[in-house]
Each structure stands twice: as C-alpha cells, then as structure tokens.
Amino acid sequence: MAILEIRDVTSGYGEVQILWGTSLSMEEGRLTSLVGANGAGKTTLLRTVMGSIKPWQGSVWFNGQDISHLPTHAKAEMGVVLVPEGRQLFTDMSVEENLEMGASPKRARAHVARNLERVYEMFPRLKERRAQKSGTMSGGEQQMLAVARGIMAEPIVLMIDELSLGLAPVLVLDLFQSLKKLKDAGLTMMLVEQNVQMALAISDYGYVLAQGRVEIDGPSRELAENEHVRSAYLGH
Amino acid sequence: MDFLLTSILDGLLLGFVYGLAAMGLTLIWGVMNVINLSHGPIISLGMFGVYLLFSGLGINPYVALIFVAIFGLLLGIVIYFVAVNRVINAPHLSTLLATFSVAMIITGLGTAVFSASPRNVDYSLGSFTLGSATIPINRIVAAALSMLITAGLYIYLRRTRSGRYIRAVANNRNAAELMGVPSVRILALSFGIGTMLATVAGGLIATLFPFTILAGGTYELKSFVIGVLGGLGNPVGALLGGLILGVLEGIIPTFMPATWVPVIEFILFVLILMVRPQGLFGAKKS
C-alpha cells in the first residue's frame with residue numbers, strides 16, 4: 001500500500017515553475033530513492049511535500065489523507081519527517097538538545113529515552129559529543145546528527161535530502177549502512193540523492209527525476225541496469 | 001567619595017531594571033529579527049497599569065505587577081498577530097513600520113485617555129542606610145525582582161519545552177517547523193514574553209520615579225543602547241549592558257551636568273557600533 005503519494009504536482013518559486021506534473025508513490029516498508037541531476041527538482045519536490053511551498057496543482061496524500069495544504073509542523077506531527085539538505089541543525093544547541101528537539105511531535109515524546117538509546121547505539125560518536133554545540137562538529141558528525149534527529153521524531157515516513165553531499169566516501173558508506181539497518185527494522189524511507197549509484201544500490205525502488213518530471217521509474221536493480229540511466233547518470 | 005559610592009550603588013540598582021526593560025527588546029530581536037518600536041509605549045502601559053491598580057483599586061504595586069505581566073503577555077500576542085505576523089518575512093522596513101504604527105496607536109490612545117500630565121505611584125518602603133549611603137528600599141526591591149525575573153527567564157528558556165522551542169525557532173525557524181514546532185505560535189509567544197518584560201520593567205520604574213504616558217520612550221532609547229552594549233539577542237548581555245548604563249548614569253552627574261547623560265550614552269552607542277557591532281559580550285549571530 002502506498003503510504004505517501006504525490007499526484008501530478010506542479011509547483012515552483014514565484015514565476016519559475018520547477019515541477020511539471022510529478023507523480024510518485026512510496027510503498028510501506030520500502031526504501032525508495034529519488035535521483036536526478038542537480039536542478040532536476042528533487043529538493044523542490046520535498047519542499048512541496050513538507051509544505052514549505054504549496055503545490056500549484058496536484059496533491060500530496062499520506063495514509064489515505066490529502067495533506068497538500070497542511071502546515072509543515074502538522075505533517076511532522078503526523079509522522080512525515082524530512083532530514084533537510086544542508087542539515088539545518090540547531091547550531092547554538094548541544095547535540096542532545098538537537099535530539100530532544102527532534103522528539104517534538106507528540107507521538108515521539110513518550111519514546112524519547114528509547115529513541116535516544118537507539119540513535120546513540122547507531123551513532124556512538126554522537127553519544128561522545130552529546131554536550132558539544134552541534135555547530136562546532138565536523139560535517140560527517142553533523143550529518144549523523146541530522147539523521148538521528150529525524151529518527152527521534154518517530155517517523156512513519158523518513159525522507160533524507162542529499163545525505164552524501166560534501167562527505168568523504170567512507171563516511172557516506174557508513175551512513176548508508178545505518179539506513180540499511182533502519183530499513184531492515186521496517187522504516188519507510190525516501191532517499192533523495194545526486195549520488196545515483198549508491199542510492200540505487202541500497203534502495204528497493206527508484207525514480208529518476210529530470211526537468212521536474214519523473215523520467216523513468218522501476219525497481220532499483222533494473223534501473224541500475226537500464227541503458228539510459230547508465231549513460232546519463234552512472235557514466236558508463 | 002561616599003557620595004560617589006552612593007551614586008554607583010544607586011545606578012547599579014537602577015541598572016537591573018534597565019536590563020530587564022532591554023531584555024524585552026532584545027529577546028524579540030533575537031528570536032525574530034524584529035526591532036519592536038512599540039517597546040517604549042508598552043513600557044508606559046506597564047507604568048500606568050501599576051498606577052491604576054494601585055491608585056484606583058488600592059492593590060499593592062508589587063502584586064499589581066502580576067496583573068501587568070499577564071496583560072503584557074496577552075497584549076504582545078495580540079500585537080504579534082495583528083501587526084507583525086503578516087510582515088514577518090518582509091524586509092526589516094516593514095516590521096519597523098508595523099511596530100511603529102502600534103507605537104503611534106498606543107501613544108495616541110494613551111495621551112487621549114490619560115493626558116500627558118505626570119503621575120506617580122506614592123508607595124515608599126522607606127530607605128536603607130549603609131554607612132553614609134542612603135538607598136531607597138523601592139530600588140533594592142526593584143533590582144531584586146529584576147534579577148529574579150532574569151533568572152526565571154533564563155531557566156524558562158533552558159529547561160522548559162516551550163522555552164526550548166523559542167531557542168530553536170530563534171536558531172533555525174525552518175528546521176523547527178520540520179521537527180513539528182508550530183513556529184507562528186512560538187513567535188507570538190516570544191513577542192508576548194518580550195512585551196511582558198517591557199510592561200513589568202515599566203511597572204517597576206513606576207515605583208521609583210514619576211512618569212507620563214510618554215515616559216517609556218526614554219527607556220526604549222536606553223534599551224537600544226543596552227542592546228548594542230550587550231549584543232542584541234542576548235538576554236544575559238542585556239542585563240550586563242543595563243548595569244553598565246546604570247553605573248554610568250550614577251557616575252556622570254557627579255562631575256558634569258546631568259543633561260549630558262544621554263549625550264554620553266549615545267556617543268557610547270555610536271562608538272560601539274563602529275568598533276564592536278556584535279556588542280561587548282560577543283553575541284551570537286545566526
């Protein structure tokens with residue numbers, strides 16, 4: 001069953017249209033990847049889903065409910081959680097305060113202790129640095145914290161924008177391993193990536209976005225074999 | 001020498017109240033980057049609140065402060081939704097004009113209702129003698145309450161859920177929304193707390209000096225100087241800035257005419273803006 005569905009969404013900024021009738025759906029328990037070149041509209045799509053910009057046409061459905069026009073915080077409250085591009089941490093706050101902020105939705109508050117333990121086990125570095133101001137950590141640690149903060153929100157759907165951007169390959173591999181564990185634990189996720197190869201390697205199903213439209217979609221394994229995808233995004 | 005000591009002590013005590021007033025301005029700036037130009041008139045409303053409750057109903061001025069605080073909080077929330085929220089994402093000029101119009105409305109109505117004649121809260125707790133220095137107890141109480149409220153604000157911002165939300169929205173409003181924080185409500189609450197601090201500071205000042213409906217303007221200007229001294233957006237800096245200003249006001253009149261006080265204050269204001277625009281106590285910049 002599709003837990004999150006985007007139906008024929010058009011949107012953009014001011015006069016500039018970015019999305020031209022984009023549709024995609026995320027199945028429960030699946031790791032979906034959304035890949036595409038820089039400027040294809042991936043981040044705009046996420047912003048439209050989260051409500052920081054409104055869809056011009058089309059709709060966003062979560063759990064059978066039209067959530068197109070709900071404010072961002074209401075969506076987080078329902079369990080639609082985004083780990084935004086550029087991490088967007090609370091840089092003046094400590095690591096642990098950031099994690100506590102992640103647990104703001106009412107549905108997450110009862111599980112703060114359990115989830116803290118869970119993310120500290122997943123990212124022991126964060127536990128070591130729990131009292132440090134998040135803005136003073138390295139890029140990789142900040143990205144861990146951004147993901148951990150998202151998990152603290154007790155998401156039903158977790159979307160992660162550009163996890164790998166600006167990080168050393170070995171760190172990226174580590175983070176992807178952590179996501180794999182989350183998926184195995186049953187979390188529904190969407191990975192939005194410019195790193196097409198990695199994203200397709202880890203996900204179950206993929207969408208390729210180009211010029212604000214879904215160009216091609218299918219099981220990730222098939223996409224990785226696809227002639228067009230290989231030449232356009234994988235460089236061979 | 002004793003005379004100087006008295007002046008310093010006097011100024012220091014007053015400085016706590018100045019700090020409290022400035023904290024209202026600086027909190028709003030720190031959370032939402034809005035310069036609240038209705039700060040002064042709201043301080044005046046705090047003065048008149050205590051005055052009316054005391055003279056009209058015979059309520060102890062310090063008890064009256066509780067009602068004034070609640071009024072200030074609610075007033076701020078109303079002002080936020082009526083005037084500020086619609087322009088919160090617009091350039092600074094819009095929020096300046098919006099709060100300026102609120103200032104004009106309050107001042108206009110206040111002058112019509114209360115006229116511009118001076119009032120005072122005739123309530124003295126006597127004075128306290130320390131060696132050759134004589135300090136009115138009203139000042140000591142005002143300083144102590146200001147300190148207490150500052151500590152309360154600090155603990156509130158650190159230890160409570162809504163306090164943490166305020167800091168989160170100040171730090172990164174977009175991220176706070178993504179974490180499920182209703183940021184508009186949090187901004188309204190922050191504005192309310194800012195105006196609450198202003199009304200309470202006004203109420204405390206009313207127990208020290210005579211005032212008119214226009215008196216808040218003076219304290220608004222002081223709040224700007226203090227905000228720049230302590231770093232806008234930094235509550236602890238505001239308190240320290242208030243103390244510095246208070247001491248200056250105590251000392252300056254001992255060797256030059258008191259009319260020079262604002263001149264010196266604003267020379268200081270300009271100098272700090274030129275040399276150290278982030279404030280003496282290195283405020284954060286997000």
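Across the interface of chain A and chain B, the rule finds 5 residue pairs in polar contact, both residues being at pLDDT 80 or more. A polar contact is a pair of N or O atoms within 3.5 Å; within protein, one must be able to donate a hydrogen and the other to accept it, and residues adjacent in sequence count only if both atoms are side-chain atoms. This is a predicted model, in which local features need pLDDT of at least 70 and side-chain atom pairs count only at pLDDT 80 or more, while totals for chains, interfaces and linings use all residues. Residues are numbered from 1 along each chain as its sequence is written, chains are lettered from A and ligands numbered from 1 in the order in which they are written, and side-chain values use heavy atoms, with hydrogens and water left out.

**Exercise 1.** Describe the interface of chain A and chain B.

*Solution.* 
1. Extent: the two chains bury about 1900 Å² between them, 57% of it on carbon and sulfur atoms. Buried area is the accessible area (1.4 Å probe) lost by two parts on being put together, summed over both.
2. Charges: the rule finds 2 salt bridges across the interface, a salt bridge being a side-chain nitrogen of Lys or Arg within 4 Å of a carboxyl oxygen of Asp or Glu. Arg167(B) forms one with Glu97(A), with the closest N and O atoms 2.3 Å apart.
3. Helices (H or I, at least four residues) are DSSP runs, numbered from the N terminus.

**Exercise 2.** Which residues of helix H5 (residues 112-122) of chain A are buried, and which are exposed?

*Solution.* 
1. Asn115(A), Leu116(A), Val119(A), Tyr120(A) and Met122(A) are buried (under 20% relative accessible area; exposed is over 50%; 1.4 Å probe, protein chains only).
2. Seen down the axis of H5(A), these residues fall within an arc of 160°, so they line one face of the helix. The arc is that of the directions from the helix axis to the C-beta atoms.
3. On the other side of H5(A), Ala113(A), Glu117(A) and Glu121(A) are exposed.
4. The buried residues pack against helices H3 (95-102), H6 (124-128), H7 (139-152) and H8 (169-184) of chain A.

Note on methods: Helices (H or I, at least four residues) and strands (E, at least two) are DSSP runs, numbered from the N terminus. Contact means heavy atoms within 4.5 Å.
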